[in-house]
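Please look over the model below.

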Amino acid sequence: MSDYNFAYLDEQTKRMIRRAILKGVAIPGYQVPFASREMPMPYGWGTGGVQVSAACLTPEDTFKVIDQGADDTTNAVSIRKFFEFTAGVAVTEHTGEATVIQTRHRIPEEPLREDQILVYQVPIPEPLRFLEPRETETRKMHALEEYGLMHVKLYEDISRHGNIATSYAYPVKVEGRYVMDPSPIPKFDNPKLEMAAIQLFGAGREQRIYAIPPYTQVISLDFEDYPFDPSKADHPCDLCGAEHTYLDEVIIDDAGGRMFVCSDTDYCAGRQADGHRGRLSPIQEAAE
Amino acid sequence: MYVAVKGGERAIDNAHEWLAEERRGDTDIAELSIAQIREQLALAVNRVMAEGSLYDPDLAALAIKQSRGDLIEAIFLIRAYRTTLPRIGHSKPIETSDMACDRRISATFKDLPGGQILGPTFDYTHRLLDFKLAAEGKAPVAQTRETDVDRMPRVTDFLNQDGLIQTETPTDTSPPDLTRQPMQFPAGRPLRLQNLTRGDEGFVLSIAYSTQRGYARNHPFVGELRIGRVVVEMDIPALGFAVDIGEITVTECETVNQFTGSKTEPAQFTRGYGLVFGQTERKAISMALVDRALRWEELGEDNMGAPAQDEEFVLAHSDNIQATGFLEHIKLPHYVDFQSELELVRKLRRETADATKEAAE
């Protein structure tokens, strides 16, 4: 423990954030403005997620942080250390053991449970921002449920490319009302947004919090004749052989050699521990 | 054989150790003290206090030392520290008419009550490198004399007596607090001024400059620029009266801008206002120009579509801590999203290739 208040933020600030979270849960997909604080890490590096995690954590919690699906990426390490230092909570790399998981850019492969909270770091919470840069305008569009512009964008993609040319941060409609940015997760993860755990989204720099309560309907925007396609690399994992996971492409030499591995490192390690083997598994070689 | 990358934690620790060593530099050279930075790099300290929104020269000097002279990094350190401080209360508004001025100039009058005081300014220095400073010399001493001026009335007050400049109406409503409420648009003038005073000097300067070059030109005169110390007073409820809690140095700039008027209302000059912690006059003047440009609606001017007239554009992009954080976050790994784009581009290329092949057959 340290001289800072539990989980760094003072209790007044946490209360303010919890109010925003509760409002977000009550209005799924609605972006609640909150008085985001300056954190001791830069804006854009997870300050929204960190503030939401700080407001949710209790001393009994077990905390996990992933970035790109991995626990060992530098910023995930940095945020995990921050809460070890300021909250003294238990930390884990195992999805199943965690009660609060902070993530950037991925949803864990292992289905989450009702007693878990998934906290997303969000860079630009406004799904309409790249179509209309003005906050004053986009708030009006949400209020009036005026989402035609988004459909026009998707339609223009199809007419230009033959496909919807959005591969991450793919817009969704929550419980039939608000169009929401699921944060820059690959669209492969979109179907998992309907889950048992509570999902909280924190955008620190943009001062917004939003939420998806458990078992809430989340539909990826599409057209009847161009249905949503949660694609991924057309390979199995080269380490654990999984066919159903999101894969990273790793360049292994300068002659075009590459391999595909699970982006969720904990999931991949778990499968390997259970005896699953991929094409290039080092464990397999050792056994031979 | 590929093994998943591990060791982020050790890499971070090692990087921090290296950084600490680099920060100190060659140990044969004497280490800078906080007091040296505070006294000899005072304008850097002032900028860090202004944009960090915390008036504490020693902490600002410490931040500059820790950040190796990267002022935005130093401002960030101060902001992150400031946000952890408890709010004890609010001071009364400072009274800049009672300022003990080190510098006070007006560009709109040749002479005026209280006089023109140049103070410690670079203005008329010739920008020639002074190689004598490279050799250790003895400390320069400036001449002094007792002042015979006890009060410096404000230029805008002279103009206001004759109704030549638009009157600012005082109000008792508490202004919103930028650091305690999320920014919402339209923001209104109190929030705009709070935002500009801690905004990035370079950004505010450039926006102000754009108005001078014709993007919402509002023809400013520096009615008055004053730099000096003012007393900060706070009401103590237990005592029932206000007490002095300290003294701060601020820079205040009031611009007198092109007049407005109509058939029913006589022509009148308008105002822009800048107030910044420390001796920071480039920033204070810039702030006054941008403030004035943002008042177009209230003063019945046309929207020229200029950046300086666009409240949301200016206020949403002025903060260098927000800007630098978001800009630099693209250094973080993005390989999951990139992979997703890679798959999509491959798919689109495959489809185009197939279509071309079919067309050729």
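In chain A of this predicted model, strand β6 (residues 172-174) and β10 pair in the antiparallel sense over 3 bridges. Strands are DSSP runs of E with at least two residues, numbered from the N terminus, and helices are runs of H or I with at least four. Two strands pair if DSSP finds at least two bridges between them. One bridge partner is A:Val218 in β10(A), facing A:Val174.

These strands belong to an open sheet of 3 strands in chain A, ordered β7-β6-β10, with antiparallel pairing. Its edge strands, β7 (178-180) and β10 (218-220), each pair on one side only. The twist averages 30 degrees from one strand to the next. Axes here are lines fitted to C-alpha atoms, and angles run from 0 to 180 degrees between N-to-C directions.

Chain B has an open sheet of 4 strands, also with antiparallel pairing. Its order is β1-β2-β3-β4. The edges are β1 (100-105) and β4 (268-277). Neighbouring strands are turned by 30 degrees against each other on average, direction ignored. Strand β1(B) is joined to β2(B) (residues 221-236) by 5 bridges. B:Ile105 stands opposite B:Leu225 in β2(B).

| Strand pair | Bridges | Residues opposite |
|---|---|---|
| β1(B) and β2(B) | 5 bridges | B:Ile105 and B:Leu225 |

Now the cores. A nonpolar core is a set of buried Ala, Val, Leu, Ile, Met, Phe, Trp, Tyr and Cys residues joined through side-chain atoms within 4.5 Å. Buried means under 20% relative accessible area (1.4 Å probe, protein chains only), exposed over 50%, and partly exposed in between. The largest core has 43 residues, and A:Ile21 and A:Phe83 have the most contacts inside it. Elements giving two or more residues to this core include α1 (11-26), α3 (74-87) and β7 of chain A. A second, separate core of 26 residues includes B:Leu193, B:Ala288, B:Leu289 and B:Val290.

Helix α9 of chain B (residues 281-294) has 14 residues. It reaches 20 Å from its first C-alpha to its last, close to the 20 Å expected at 1.5 Å a residue, where the expected span counts one less than the number of residues. Because 12 of its 14 residues are buried, α9(B) is largely enclosed by the rest of the structure.

The domain assignment, automatic or from a database, gives chain B domain 1 (9-82), domain 2 (96-119 + 131-169 + 179-318) and domain 3 (329-360). The centres of domains 2 and 3 of chain B, taken over C-alpha atoms, are 53 Å apart.

Residues are numbered from 1 along each chain as its sequence is written, and chains are lettered from A in the order written. Local features need pLDDT of at least 70, side-chain atom pairs count only at pLDDT 80 or more, totals for chains, interfaces and linings use all residues, and side-chain values use heavy atoms, leaving out hydrogens and water.
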